[in-house]
Amino acid sequence: MKDGIAERFEQFKRNKSTLAFIVNPLNTNTREINIEPFGIDAGSLQMQLLDLKTKNLWSGKFTELKSKLEELEVQKCMHIAQHKWAALKEIPRVEALIFGEWNSLPEYYSEVKKLAYGVLTIFRSTYSCEQAFSCMNIIKSNVRSQLTNKNLESCLKLKTTAYKPDLIKLSNGMQSQCYH
């Protein structure tokens, strides 16, 4: 697990430009972006990004987004420093601002949007990881501390999979044992 986490952080370091693209597409070098996992045409992406950079309406939106995100970060820090926890709820959510800007782009920028949505959904997978850790902590508690790794893995598979066996069908297919 430790090696897996270390590898994941290395992936983030290698894909720094790809991740930065989300909030700063105007200053992105397309040669530094890893488009392979997203099935994007490099030529179309370059043309659309070039067009995006030259259109004041769209380039202004992303410049404004970057300013808003920086301002939000300052507001959050101020509220935390002043222990104004209730005021934090009034600050707009960062992901809502980011998705709002990307959703406002017309379909003409389909490859650019495809990359943005692809990168934004990468982080969905951390939910599954966190869920698996929570399940593991519930399964292997102090009461069940002697559970072997093989049995723990089996229990985790059962807990985290969406598969629901048809127990009635399975039991109907089995021959019952009668004891005298």
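Trainee: Which residues of helix 3 are buried?

Mentor: The model is predicted: local features need pLDDT of at least 70, side-chain atom pairs count only at pLDDT 80 or more, and totals for chains, interfaces and linings use all residues. Residues are numbered from 1 along each chain as its sequence is written, and side-chain values use heavy atoms, with hydrogens and water left out. Helices (H or I, at least four residues) and strands (E, at least two) are DSSP runs numbered from the N terminus, while buried means under 20% relative accessible area, exposed over 50% and partly exposed in between (1.4 Å probe, protein chains only). On these terms, the buried residues of helix 3 are L45, Q48, L49, D51 and L52.

Trainee: Within what arc do the buried residues of helix 3 fall?

Mentor: An α-helix has 3.6 residues a turn, so residues three or four places apart point the same way. The arc is taken from the directions that run from the helix axis to the C-beta atoms. The buried residues of helix 3 line one face, because down its axis they fall within an arc of 160 degrees.

Trainee: What does D51 touch, not counting residues up to four places away in sequence?

Mentor: D51 lies in helix 3 and counts as buried because its relative accessibility is 16%. Contact means heavy atoms within 4.5 Å. With residues up to four places away not counted, D51 touches Y108 and Y109.

Trainee: How far apart are the C-alpha atoms of L97 and L65?

Mentor: L97 is found in helix 6 (residues 94–104), and it counts as buried because its relative accessibility is 19%. Leaving aside neighbours within four places in sequence, L97 is in contact with L65, K68, L69 and L72. L97 and L65 are 32 residues apart along the chain, and their C-alpha atoms are separated by 7.4 Å.

Trainee: What distance does helix 3 reach from its first C-alpha to its last?

Mentor: The expected span of a helix is 1.5 Å times one less than its number of residues. Helix 3 (residues 42–54) has 13 residues, and close to the expected 18 Å, it reaches 19 Å.
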